[in-house]
Amino acid sequence: MTWNALILFGVLATSLVASAVIFLLAESRHTTRSVFNLAAAVLKLLLVGWIVWGVYQNIDYEFRFTIIEGVDFILRADALGMMFVGLSSLLWLFTTIYAIGYLEKAPNRSRFFGFFSLCVASTVGIALAGNLFTFLLFYELLTLSTYPLVVHRGTRESLRAGQVYLYYTLGGGALLLFGVVALHVLVGDTEFVPGGVLSGLDPSLHPLLIGIFLMMIIGLGVKAALFPLHAWLPMAMVAPAPVSALLHAVAVVKAGAFGIARLVYDVYGIEFAFSLGLLGPLAVAASITIIYGSLRALAQDDLKKRLAFSTVSQVSYIILGISLFGPVGTLGGLVHLLHQGLMKITLFFCAGNYAETLGVHKISELDGAGQRMPATSVAFTLGAFGMIGIPPMAGFISKWYLGIGALEAGMNWVLGVLILSSLLNAAYFLPILYRIWFRRRERLWCEGKVLGRFETSGWLLLPTLATAAFALIAGVLAGMPFSPLYWADLIVSREYLP
Amino acid sequence: MSSALVFAWSGVLLFGLGLFGFIAHRHLLRRLLAFNIMGSGSFLVLIGLAQDGRGVDHVPHAMVITGIVVAVASTALALVVFRRWYRASGRTDLPEDT
Amino acid sequence: MIGLWSVPLLFALPLALGILSLLVTPAWRPRLIFVGLPLLAVASFDVLARLVVEGPRIYELGGWQAPLGINLVVDGLAVGMILMTTLVASLCALYARVYLRDYPPSSSFFWPLLWLLWAGMNGIWLAEDIFNLYVGLEVMGLAAVGMVALRATPQALAAAMRYLLAALLGSLAYLLGVALLYATYGTLSMAGLHEAAAPNVTTHVALALIILGLLLKTALFPLHAWLPPAHGGALTPVSALLSALVIKASFYILMRIWLVLGPEVTPIFTAQVLGVLGAGAVFYGGWMAWRQHHLKQLVAYSTVAQIGYLFLFFPLVTGTGPEAARLAWDGTLMMLVAHALAKAALFLSAGNLILAVGSTQISHLVGISRFRPMSLFSFGLAGVSLMGLPPSGGFTGKWLLLHSAILSGQWWWLIVLFLGGLLSAAYIFKVFRMSFREGPQIDRSVTPPLTLDVTALILASAAILIGLTAHLPLFWLRLGSAFGAG
Amino acid sequence: MSGLVGTTALILAPGVPLALGVLWGFPRLRRHIGPIAPWAAIPALLLALFGIPGETVELSWLLFGGYLGLTDTTRVFLFFTALIWFAAGIHGRGHLAEGDHCERFCVFWLFTLAGNIGLIVALDVALFYTSFALMTFAAYGLIVHDQNEIAQRAGRVYLVLAVLGEALILMGLLLAARATAAPLLPMLAELPQAIAGAPERDLIIASLWLGFGVKAGLPLLHFSLPLAYGAAPVPVAAALAGAMIKAGLLGWLVTLPLGFVGLQHWGTIIILTGLFAAFAAALIGVNQKQPRVVLAYSSISQMGLISVGIGAWMVAPELGPLLAVAITVFALHHSLAKAALFLGTEVVRHRTRRPALWLWVGLGIPALALAGLMPSGLVAKASLKYGLLANAPVPEAWSYLPLLLGLAAIGTTALMARHLWLLRLEAGRDEAQPTAWHGWALITAATVLGILLLPLWGIEVPWMAAAGGLIDALWPVAAGLVLAAFAWRWLRPLPIPPADALMLLTPLPGLALRAGQALGVTGPAVRRGLRHLEAKALDRYRRADHRLGRFTEQLWRRDASLLFALLLAVVALIGIRIA
């Protein structure tokens with residue numbers, strides 16, 4: 001076992017160990033838990049930074065052992081995986097800070113933070129998985145570790161949401177399992193290889209491969225909230241804000257989208273998938289989801305619900321990018337994986353801030369919030385502009401690449417989808433901004449508690465501003481080395497020219 | 001029909017009778033008796049078939065002796081449980097659902 | 001030459017301890033485990049070491065030749081089962097030592113019965129001839145019935161009686177089958193049968209009798225009716241032992257005999273029928289588990305369901321290619337071991353939860369996740385394995401069975417595995433849902449002793465770990481079997 | 001300017017307002033930024049006066065890589081844009097440094113300014129689009145500044161149209177970029193040629209024309225103009241009407257494939273739309289009752305005239321050089337004059353100490369200029385006519401264009417007359433602000449003298465043609481005045497609302513919301529139905545399940561042995577049959 005393998009394992013272990021320790025700590029030891037949790041998050045970020053640098057220099061990181069004959073447990077750091085790892089570990093740090101502030105004086109914190117760390121561990125595992133088996137392992141672990149977070153509040157509504165979540169994810173997971181086993185039977189241990197491993201199979205197997213692809217897309221599409229498998233996502237918004245922020249904006253839905261990326265690029269191979277005619281239908285499904293999610297978002301008055309439908313719509317941008325045959329579309333999809341995460345987590349943080357500080361959950365009650373909470377509102381504005389795709393926010397970069405990618409792939413109608421979706425995004429975000437900034441509140445805010453010397457607790461404000469700044473910087477400085485765009489470009493150059 | 005087969009078929013008959021009794025009766029003691037008849041039947045089969053033209057075979061003897069010991073032990077246990085059940089519930093048969 | 005003694009020690013020692021514990025006062029009975037458990041553990045590991053070093057072999061007890069002497073088989077399968085028994089039974093014994101303190105002294109009969117049960121099981125694992133299997137089956141069965149009756153409530157006695165009648169009926173059918181086989185082939189040894197067996201009427205009738213007897217003892221649907229009251233109503237450590245180990249013994253015998261008789265004798269039709277019954281068990285057991293209101297009844301019905309998976313072994317191993325058969329063997333054994341560990345953990349943690357809330361009703365678990373996270377966590381880990389979700393033994397087993405089903409082209413078993421997993425998720429999460437509901441804010445639950453939680457947690461973790469490190473155990477289990485070469 | 005200074009100036013021009021806007025984020029600095037905000041346009045003004053075309057700055061880290069620089073055309077645009085912003089800023093010091101929400105006003109002001117200047121100096125598409133969007137969205141904050149019903153409605157209409165425009169522009173730019181050599185880092189200068197050769201040429205032209213048309217007040221996309229100009233604070237209206245409307249024009253100039261290939265049909269469409277705008281806007285405008293709305297319609301009308309030039313350029317590429325000059329000059333002339341008129345609307349409301357005569361002379365100058373009688377107006381109109389009638393193979397119908405332009409001038413005159421008439425009614429209503437007239441005076445002076453600067457940027461001013469056109473320019477003015485006098489005496493204005501046909505279109509944006517609600521309603525309705533069914537089914541199932549569960553369990557339990565025996569018999573029989 002080399003050092004490189006150990007470091008890789010360390011990335012996974014930081015959150016696993018954190019989770020175990022948090023479970024064992026007594027409920028009342030808040031300070032110890034927070035310190036430990038933050039230390040683990042920072043350590044993980046450092047390790048990830050180290051590996052990112054290594055991957056950039058083409059160093060191989062691999063950790064593997066045999067589970068059963070012909071099936072290995074493989075962790076491997078490649079450019080695509082590190083992108084997702086980087087996103088999750090960065091946002092884990094911020095969300096942990098946020099959650100410490102958000103859950104101050106709430107019950108069941110031990111359970112919350114324990115499962116939270118476990119979720120991050122599974123996300124990192126998904127990202128680092130070197131074959132389908134390992135991916136599946138962490139994919140299901142993610143389902144399990146998210147459930148307690150969804151039902152965290154223990155109300156009838158959240159239990160119901162948890163149940164729906166399970167219906168969808170367990171069903172999807174089972175389908176995915178079949179797909180994975182079937183591929184395993186066909187080609188043995190399905191390691192992720194740029195360009196895929198299936199193109200050499202006999203043409204008589206192609207209908208079967210299409211069937212397997214469909215099954216696995218359904219399995220992954222459940223988490224990626226692909227229409228019509230999305231219904232769990234808005235319901236899951238009953239969870240506390242940090243959960244909605246990290247898990248339903250980043251970890252869970254991205255796990256699905258990331259899985260689809262792995263499936264298309266590293267299992268089927270994009271050229272093979274294209275030659276099987278799989279990409280067109282995928283693009284259509286993604287487009288329908290984009291429009292549908294936007295239309296539904298338009299009609300929501302609950303802020304988190306609107307954001308949730310927006311997530312449904314935005315995550316499909318990633319899938320759309322994946323299904324565009326050509327390097328630019330891929331680039332657009334992959335870069336949106338990061339961009340959407342940064343922007344959407346900002347929005348969810350803001351929604352949490354409004355709810356926690358002002359007790360406001362509905363959009364119609366947000367009048368004049370900009371006066372009371374300018375910093376949060378600025379962050380919200382940046383996030384919303386990014387979602388609409390207004391430059392120079394990160395969302396514009398994604399949209400530009402997706403647009404060019406669609407044209408290069410010869411799918412001009414996708415451009416129409418992008419434009420229509422931008423219009424709809426504007427239609428459901430701008431009214432919120434209008435209320436925040438240009439309406440006056442008639443009544444006083446009913447503020448239960450004073451949360452520090454800023455407009456709200458510093459624990460809540462700092463991560464919000466940080467992620468908003470990242471979303472802005474990712475757009476403005478897209479040309480800099482190690483920006484999301486730069487990294488996505490690196491991935492594409494390695495995936496397309498292996 | 002050789003004597004061995006006669007033994008064997010009588011054993012099967014006993015087994016069948018025992019099984020019928022086991023099913024037909026609700027009273028636990030009767031069912032226990034039926035079980036013992038079934039046991040005797042199977043021992044008879046064992047002894048009978050083993051004699052089929054191969055001279056004296058010690059193995060079935062050993063098996064039957066062991067079997068009888070087991071059957072006695074089982075019957076004893078069943079009686080203990082039955083007695084306690086009877087004392088606890090006052091019934092001689094099993095309720096149809098719990 | 002210590003190793004030579006370790007094999008007979010495996011059933012002689014429990015037998016001796018059983019008799020000894022009958023002689024000592026009730027207070028001393030639990031303390032015998034401090035002698036017995038280490039010795040048995042050493043013996044089990046010694047057997048494993050010898051297996052790994054010297055390979056599988058036949059051990060002649062006392063140096064006498066068969067047929068009058070007793071031969072013991074020490075191959076991978078037997079050793080695997082011995083280790084599993086040692087692990088699960090030891091932890092259950094440790095659990096019981098603490099658990100039984102609150103029960104009347106009469107419950108200390110648990111200890112002699114435990115040793116007897118252990119001796120019976122080890123006898124079954126090691127037996128090389130089908131008659132010794134019968135003896136072991138009877139010893140184990142009688143001990144198990146005694147354990148069910150330990151609680152001495154009317155329900156427990158009724159359950160024990162029902163169990164006893166089923167067990168006796170099953171043993172007799174098995175015995176009749178053995179008699180027919182002996183009459184036909186003049187041998188009881190498995191090796192002998194393996195060589196001599198030929199497809200004829202007597203063999204088939206004998207096989208049918210054996211199968212039916214063992215199905216009744218394994219409680220395969222629809223012959224399962226005795227199981228839920230017996231397992232669900234017994235004392236917690238007893239439930240764990242019965243569900244985890246005892247029913248596995250009769251399945252083990254069936255598996256051995258099926259493989260010994262070989263593909264010429266065992267009809268594909270019967271194999272499919274067994275598979276269909278297994279599927280029925282999965283569905284019926286899962287459905288019934290889901291509609292239970294008592295926690296331990298739920299877990300007991302879960303056993304009914306999980307037994308069904310094991311019976312997929314027969315269709316997958318009969319008349320299929322060597323690769324599919326090997327995968328089916330691996331998968332079934334993985335399922336078996338994982339179920340033993342997970343079900344023991346599930347029963348023990350269910351017992352802890354019941355201790356904590358003082359009620360067996362699932363609806364009384366409201367809000368328990370806040371106050372008894374540890375018990376619930378073990379329950380969850382074990383549940384993960386039962387649901388067949390990764391990373392767990394249940395998942396690895398399911399993976400192998402899926403693989404085998406696809407390879408042999410028997411896609412209909414995929415549906416069983418698919419729906420079975422979802423059904424088990426439904427009943428496991430039924431408990432979780434209740435426990436996450438916010439209830440009273442004050443902790444009214446009783447804190448169970450730490451040992452109880454720790455033993456359950458160790459078993460649950462083992463069920464998870466075995467899935468991650470399945471490579472080595474599966475390799476050992478294949479030693480000396482028809483699939484050893486693979 | 002030397003290289004380094006030039007580079008710095010290029011960055012500072014949009015950078016200073018942007019930096020001030022960002023600094024505003026620190027609450028402690030806010031107080032100090034308000035007073036200096038008007039001066040933020042000065043670097044851009046200096047750059048316009050002294051910058052050298054061709055000088056570029058590369059900012060590779062910005063977006064996909066950003067390029068800043070000046071061209072001959074953009075220098076002129078930069079000049080009048082910066083000047084108008086400066087003058088409006090001075091005029092609006094009250095809004096920027098004090099008053100209600102002055103802080104908010106200040107930051108939107110700075111960002112709008114930064115965007116407006118940025119889009120002029122941008123050389124690459126991404127930066128151009130970014131600045132354009134920055135300007136568009138920041139301007140919303142300026143428009144709704146007064147926060148009354150009218151301003152909010154204006155803001156809403158503006159925003160809907162702006163978003164639509166942005167989307168169309170994005171689509172056009174994406175399609176156009178695809179056709180360039182480097183789709184990921186396209187330069188503005190490459191676009192026209194690329195579009196001319198692109199397979200989706202018509203779609204690109206349509207989306208860019210309409211997209212920028214939202215800013216430039218194309219008919220049916222113009223609704224935001226009268227509303228916003230009427231509702232926004234006066235300095236904002238001046239900036240909107242003077243500077244930002246020209247951003248749309250600049251968009252057309254830099255992106256449309258002008259001068260590469262003759263596009264007969266597109267040219268004709270644009271010319272006809274322009275003429276329609278010129279006349280229709282005049283007809284609607286004279287019926288308005290608010291001076292600023294009248295001015296807005298005048299803007300629409302004037303932009304229609306400029307459109308004629310662009311359309312002509314499309315039809316006859318060889319007219320390019322002449323028309324480019326004409327359009328630039330026209331834009332300069334119209335912007336300055338219009339800004340002066342807007343600032344004047346407020347100056348006239350204040351009781352100033354100046355003699356009224358001077359005030360009215362000052363107010364008259366830009367009005368006359370627009371009507372075509374001042375030097376700038378003369379030059380602008382003359383160069384347009386000159387361009388249109390130059391020796392080139394143009395369609396027959398073009399010979400009517402001068403006449404039509406003359407008729408349009410009648411309309412303009414009538415609009416101006418109406419405007420001044422309405423102003424008279426408003427004069428002297430408010431208390432004076434001592435410095436309110438500085439900006440207005442500056443921009444009025446520029447209206448007169450700005451034309452003199454053209455040689456500075458190397459533009460040949462057709463003075464002779466202008467002088468010759470004086471006679472041509474007189475009759476429409478005279479006719480317009482006569483018409484105005486007639487109308488004043490005998491006609492009453494028709495009740496046309498400020499945003500004419502908008503009422504008819506209002507339901508449209510609501511449709512999307514309805515669609516979302518409909519989906520949302522169907523969802524719950526379906527779900528409710530399903531839940532009802534589910535509840536029913538569940539209820540039935542529960543009962544059945546209860547019975548079935550009891551039944552099967554009893555069956556298995558009571559007759560387990562019977563079942564066992566039966567199975568035994570069956571298996572034995574099968575065994576015998578097989579044997």
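## Exercises on a predicted model

C:Pro391 lies in the loop between helix 16 (373–387) and helix 17 (393–407) of chain C; helices (H or I, at least four residues) and strands (E, at least two) are DSSP runs, numbered from the N terminus. This is a predicted model, in which local features need pLDDT of at least 70 and side-chain atom pairs count only at pLDDT 80 or more, whereas totals for chains, interfaces and linings use all residues. Residues are numbered from 1 along each chain as its sequence is written, while chains are lettered from A and ligands numbered from 1 in the order in which they are written.

### Exercise: cis peptide bonds

**Task.** State what omega is for the cis bond between C:Pro390 and C:Pro391, and locate A:Pro228.

**Solution.** 
- In chain C, the bond joining C:Pro390 and C:Pro391 is cis, with omega about -10°.
- In chain A, the bond from A:Phe227 to A:Pro228 is cis, with omega near 0°.
- A:Pro228 belongs to the loop between helix 7 (206–223) and helix 8 (232–235) of chain A.

### Exercise: positive phi

**Task.** Decide whether C:Ala219 is buried or exposed, then classify D:Leu220 in the same terms.

**Solution.** 
- Most residues other than glycine have a negative phi.
- C:Ala219, which is not a glycine, has a positive phi near 65°. Its position is the loop between helix 8 (201–218) and helix 9 (227–233) of chain C.
- D:Leu220 is not a glycine either, and its phi is positive, at about 75°. The loop between helix 10 (201–216) and helix 11 (224–231) of chain D holds D:Leu220.
- Now apply the cut-offs: with C-beta atoms placed from the backbone, a residue is buried if 20 or more other C-beta atoms lie within 10 Å of its own, exposed if 12 or fewer do, and partly exposed in between.
- C:Ala219 has 30 other C-beta atoms within 10 Å, so it is buried.
- D:Leu220 has 14 other C-beta atoms within 10 Å, so it is partly exposed.

### Exercise: chain dimensions

**Task.** Determine how the radius of gyration of chain C relates to the globule rule, and examine chain A likewise.

**Solution.** 
- Chain C contains 20 helices and two strands. With 486 residues, the globule rule gives 23 Å and the radius of gyration is 21 Å, so chain C is as compact as a globular protein of that length. The radius is taken over C-alpha atoms, and the rule is 2.2 Å times the number of residues to the power 0.38.
- The C-alpha trace of chain C spans about 70 × 55 × 40 Å along its principal axes, and 70% of its residues count as buried.
- Chain A contains 19 helices and two strands. For its 498 residues a compact globule would be near 23 Å, and the radius of 21 Å agrees.
- The C-alpha trace of chain A spans about 70 × 50 × 45 Å along its principal axes, and 67% of its residues count as buried.

### Exercise: helix pairs

**Task.** Describe how helix 1 and helix 2 of chain A pack, and how helix 13 and helix 14 of chain D pack.

**Solution.** 
- Helix 1 (residues 3–24) and helix 2 (residues 30–56) of chain A pack at about 170°, their axes 9 Å apart. Axes are lines fitted to C-alpha atoms, for helices over the stretch in contact, and angles run from 0 to 180 degrees between N-to-C directions.
- The two helices of chain A are therefore roughly antiparallel (over 145 degrees; under 35 is roughly parallel, 65 to 115 roughly perpendicular and the rest oblique).
- Their contact has 13 nonpolar, four polar and two charged residues. Ala, Val, Leu, Ile, Met, Phe, Trp, Tyr, Cys and Pro count as nonpolar, Asp, Glu, Lys and Arg as charged, and the others, Gly among them, as polar.
- Helix 13 (residues 264–285) and helix 14 (residues 291–315) of chain D pack at about 160°, their axes 7 Å apart. They are therefore roughly antiparallel.
- The residues of the contact between helix 13 and helix 14 of chain D divide into 19 nonpolar, eleven polar and no charged.

### Exercise: the contact of chain A with chain D

**Task.** Find how many residues chain A and chain D each give to their contact, and which helix of chain A gives the most.

**Solution.** 
- Chain A provides 27 residues and chain D provides 32; residues are in contact if their C-beta atoms, placed from the backbone, lie within 7 Å.
- On the chain A side, helix 11 (279–298), helix 16 (394–408) and helix 17 (413–438) are the elements giving two or more residues.
- Helix 17 of chain A gives the most, with nine residues.
- By class, the chain A side has 22 nonpolar, three polar and two charged residues.

Conventions: Two residues are in contact if their C-beta atoms, placed from the backbone, lie within 7 Å.
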